[in-house]
Amino acid sequence: MASRPLTLYEKIWADHVVERRDDGTCLIYIDRHLVHEVTSPQAFAGLRAAGRPVRRPDLTLAVPDHNLPTTARVDADGNRLPIADPAGASQLAALERNAPEFGIRYIDAVAAEQGIVHVVGPEQGFTLPGTTLVCGDSHTSAHGALGALAFGIGTSEVEHVLATQTLLLKQSKTMEVRVEGTLGFGVGPKDVALAIVGRLGAAGGTGYVLEYTGSVIRDMSIEGRLTVANMSIEAGARSGLIAPDDKTLAYLQGRPMAPTGADWDKAVAYWRSLATDPGARYDVTVVIDAADISPSLTWGTSPEDVVSITGAVPDPDSFADPAKRTAARKSLDYMGLEPGTRMEDIPVENIFIGSCTNSRIEDLRAAAEVLRGRRIAAGVRQALVVPGSGLVKRQAEAEGLDRVFTEAGFEWREPGCSMCLGMNPDRVPAGERCASTSNRNFVGRQGPGARTHLVSPVMAAAAAVTGRLTDVRSLMGK
Ligand SMILES: CC(C)[C@H](C(=O)O)[C@@H](O)C(=O)O
Ligand code: SF4
């Protein structure tokens, strides 16, 4: 049978269709399910009420991350410290109870492997190319960096996957996002992600699965690819894919949950067949030139509000779209910014290096490089580094990065979502600003009244040193 050339997405989709309905909806098999404490309690309660087991507990992995404080989790005697917030404590307790009751693998809050679910999945080799992977969490798109068709789902879908290992879905359109060229000094994966979100807009990818291609993506490390794919959802796309290549294989080989021996060889042969065929058609292709990407950051309250660090706060009247003009006015009011202010003239009181976007070892190495021999500025009241997992933390400590951070005046914390969102004690005080390596700058995201500027790890470090948003290139004398 002659088959037409297919995209990576079409191949993975076709390999997972259990049943196709007349209206085009498909029942899709789900290979991997990550579970965290926030979106799972009601799903498990639903199963319990219906007397249903989890269909494939062996394909499900649970880990707490959002509500955990990032300060010490045990006292001097090794006893667990209580969680102060009652809502958070009850969600964490529910996961801790549900995982063993339903026979699911559970990474405990104090285990070395604990971390943000999107850091843990790839790190453990739970995330594999060509799989369908879901989690009750929008940044599940991150796992697409390894060539998994990965997307966030809601709590009722979490229950459906737990019960059946399937989901009813409609096939998406495809968008190729090709980034070509070479990134300049001080420009990294986060800047690429911000450039893409800025270009597509917060809803530009809605209804599409993105596939990232081009020399910039090919040359990027797996950690960097995870940063880019992570932010697909900020452009409205539930999934963003990158074809598995030699780097993907090298990254996965030997990971605790990755296949071994003959299974590995078989898997590799399949993974190598997944790349988009020559001549396959995307519904849309967007090309971005690396030369146009500078160290970037956000000025407003949507991740699409992207500007170069050499730029200024835009004038709302400069937007052609009336809705955007109104939104920009509201954003600037919330952010306490005047049009025309140079981005480099904006002071920051808080620095956050962490989140599932930028808390991997390379992120910490890059930030530490900027901080080595430097100190945080007097006006910076809070500077946190929160490794994405216990294993990242351990690796960083083995490399002495923790000392670089603490000597610079940063706090070195336990892994978790931390200041990415206000679901745990790490918050930005109302009216204060934060240079944050996270992915969302929504109103109140880092705490009520908090003002977020999304930046890369090196830009967060540079801001820490000067106490204002800063071009890392000039700080480093480039
Ligand atoms: C709490 C969770 C459901 C949420 C998400 O879906 O993404 C969070 O992780 C976020 O980043 O906003
Ligand atoms: S680190 Fe932030 S974006 Fe990532 S899962 Fe946690 S809350 Fe969501």
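Start by selecting Arg 365: this residue is partly exposed, with a relative accessible area of 34%. On the scale used here, buried means under 20% relative accessible area, exposed means over 50%, and partly exposed lies in between (1.4 Å probe, protein chains only). Before moving on, note that this is a predicted model in which local features need pLDDT of at least 70 and side-chain atom pairs count only at pLDDT 80 or more, while totals for chains, interfaces and linings use all residues. Residues are numbered from 1 along each chain as its sequence is written, chains are lettered from A and ligands numbered from 1 in the order in which they are written, and side-chain values use heavy atoms, with hydrogens and water left out.

**Stop 1: salt bridges**

Arg 365 and Glu 399 form a salt bridge, and their closest N and O atoms are 2.7 Å apart. (The criterion is a side-chain nitrogen of Lys or Arg within 4 Å of a carboxyl oxygen of Asp or Glu.) Arg 365 sits in helix α12 (residues 361-371) and Glu 399 in the loop between α13 (390-398) and α14 (401-408), so the pair ties together parts that are 34 residues apart in sequence. Helices here are DSSP runs (H or I, at least four residues), as are strands (E, at least two), numbered from the N terminus.

Next, pick Arg 342, Glu 344, Asp 345 and Arg 468, which are joined into one network by salt bridges that share partners. Within this group, Glu 344 and Arg 342 meet at 3.8 Å, N to O. Glu 344 counts as buried at 14% relative accessibility, whereas Arg 342 is partly exposed at 44%.

How many salt bridges does the structure hold? There are 26. One more to display is Glu 234 with Arg 440, where the closest N and O atoms are 3.0 Å apart. Glu 234 lies in the loop between α8 (222-230) and β11 (239-241), and Arg 440 in the loop between β18 (433-436) and β19 (451-454), so this pair ties together parts 206 residues apart in sequence. Both Glu 234 and Arg 440 are buried.

**Stop 2: ligand 1**

Keep Arg 440 on screen and bring up ligand 1. A polar side-chain atom of Arg 440 lies 3.0 Å from an oxygen atom of ligand 1. For Arg 445 the corresponding distance is 2.7 Å, and for His 66 it is 2.6 Å. The protein covers 80% of the 310 Å² of accessible area that ligand 1 has on its own (Shrake-Rupley method, 1.4 Å probe).

To see the residues around ligand 1, select Val 38, Thr 39, His 66, Gly 136, Asp 137, Ser 138, His 139, Met 423, Arg 440 and Arg 445.

**Stop 3: ligand 2**

Which residues are around ligand 2? They are His 66, His 118, Asp 137, His 139, Ser 355, Cys 356, Cys 417, Cys 420, Leu 421, Asn 439 and Arg 445. For both ligands, the cut-off is a residue heavy atom within 4 Å.

**Stop 4: helix α15**

Finish with α15 (residues 457-466): nine of its 10 residues are buried, so the helix is largely enclosed by the rest of the structure. Among the elements covering those buried residues are β13 (296-298), β15 (350-353) and α16 (472-475), with contact meaning heavy atoms within 4.5 Å. Step past the helix and you reach Gly 467, whose phi is positive, near 80°.

Definitions and conventions. A polar contact is a pair of N or O atoms within 3.5 Å; within protein, one must be able to donate a hydrogen and the other to accept it, and residues adjacent in sequence count only if both atoms are side-chain atoms.
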